[in-house]
Amino acid sequence: RPAFKKERGLNSAPTERVYPGTPQHIMPFPQDLPENRLGLAQWLFDQKNPLTARVTVNRYWQMIFGRGIVSTPEDFGSQGDLPSHPELLDWLAVEFSTDWDLKRLLKLMVMSSTYRQSVEISPELLRKDPSNLLLARGPQVRLQAELIRDHALSVSGLLSKQVGGPSVMPYQPKGLWLQVASGNQELKEYIQGHGPELYRKSMYTFWKRSLPPPSMIIFDAATREQCAVERQSTSTPMQALVLMNDPQFVEASRLIAQRMLFEGGKTDRDRIQFAFRLATSRTPGEKELALLTSLLQDQLKVFQSEPGRAEQFLKIGEYLAEQEADMIELAAYTVVANTIMNLSETILKG
């Protein structure tokens with residue numbers, strides 16, 4: 001249908017008619033392409049278009065390294081920042097546009113020597129390059145909200161490997177939806193799923209725009225009310241409370257505790273090292289081991305004095321506790337596993 005410029009934005013005051021087109025300074029729209037959505041798609045992925053591949057490559061570089069080669073991913077125009085490594089951006093864009101294979105692009109980035117550097121930083125390097133613009137050290141970035149939950153499920157062995165299917169409704173505080181209930185009767189009440197539905201990847205979680213999953217919002221997931229090409233990364237006490245108290249994380253900690261008891265070895269030290277390595281990909285130091293061992297002994301005394309408390313604690317989550325395990329011991333190890341899951345290193349990538 002015809003489209004017009006509007007006088008002061010008023011629909012009742014059309015002026016000059018406008019026609020389909022693309023920004024001339026990026027790449028003129030070829031005359032042999034249809035002036036519709038198909039033509040626009042072909043223009044976007046034309047080998048001569050300098051923008052699409054660069055913007056996409058920059059977004060994935062930002063996801064992997066925490067900061068894009070262009071630090072303003074939402075603006076590649078005159079108001080945006082210049083690339084820190086323009087030749088690298090060009091090369092990656094050309095590599096990517098040969099086949100538009102995202103898996104190959106990500107493999108290229110994470111197997112690079114740049115990504116595999118240590119995250120340790122010297123005082124001199126901190127003074128010269130505090131933001132790591134020069135990429136002299138590896139990235140240290142907090143996992144996205146969805147990946148924090150998926151990591152806990154994966155480490156515990158709960159994560160469902162099913163691909164595809166309808167959205168699911170994992171644990172959520174009761175009555176939350178009723179506070180913003182709409183006229184749609186089907187969506188007034190949150191009906192929690194059961195069984196494998198509780199352990200699907202977070203990308204399958206049902207998302208109500210007026211009330212997103214609270215645990216993800218606390219970890220800075222976008223609300224989806226508007227397009228967001230870059231997420232903020234905050235550090236708040238609420239995030240620690242989610243990791244310590246959310247049923248999904250407490251249940252995952254219990255399953256990690258079961259793995260500690262049955263797969264981690266015979267001694268407390270071996271079991272703690274096993275869980276620490278699962279969660280953080282490194283072996284704990286002697287001081288860390290001593291603190292966690294002390295915590296385990298304290299919790300054993302607490303639950304031995306109050307067996308009912310241990311039983312109640314192990315009932316959190318729908319996944320049944322291992323009957324062969326000693327309940328007192330399992331509860332104490334669950335607290336230790338939950339503590340390890342609450343470490344900064346567990347939710348940081350780097």
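This is a predicted model: local features need pLDDT of at least 70, side-chain atom pairs count only at pLDDT 80 or more; totals for chains, interfaces and linings use all residues.
**Entry 1, aromatic pairs.** I looked up the ring pairs and found that the structure holds eight of them. I noted phenylalanine 65 with tyrosine 115, an edge-to-face pair with 5.7 Å from centre to centre and 85 degrees between the planes. Phenylalanine 65 belongs to helix α2 and tyrosine 115 to the loop between α4 (102-110) and α5 (123-128), so this pair ties together parts that are 50 residues apart in sequence. I then checked the cover of phenylalanine 65, which counts as buried because its relative accessibility is 9%, under the 20% cut-off.

Tyrosine 199 lies in the loop between α6 (145-156) and α7 (214-218), and tyrosine 319 in the loop between α12 (307-313) and α13 (327-341), so the parts tied together are 120 residues apart in sequence. Tyrosine 199 counts as buried at 6% relative accessibility, whereas tyrosine 319, at 40%, counts as partly exposed.

I located phenylalanine 45 in the loop between α1 (37-44) and α2 (52-65), and at 45% relative accessibility it counts as partly exposed.

I looked at two tryptophans: lysine 208 lies over the face of tryptophan 177, at 4.5 Å from the ring centre, and the charged end of arginine 224 sits over the ring of tryptophan 207, 3.9 Å from its centre.

How values were computed
Residues are numbered from 1 along each chain as its sequence is written. Side-chain values use heavy atoms; hydrogens and water are left out. Helices (H or I, at least four residues) and strands (E, at least two) are DSSP runs, numbered from the N terminus. Buried means under 20% relative accessible area, exposed over 50%, partly exposed in between (1.4 Å probe, protein chains only). Rings of Phe, Tyr and Trp (its six-membered ring) pair if their centres lie within 6.5 Å; planes under 30 degrees apart count as stacked, over 60 as edge-to-face and the rest as tilted. A charge sits over a ring if NZ of Lys or CZ of Arg is within 6 Å of the ring centre and within 35 degrees of the ring normal.
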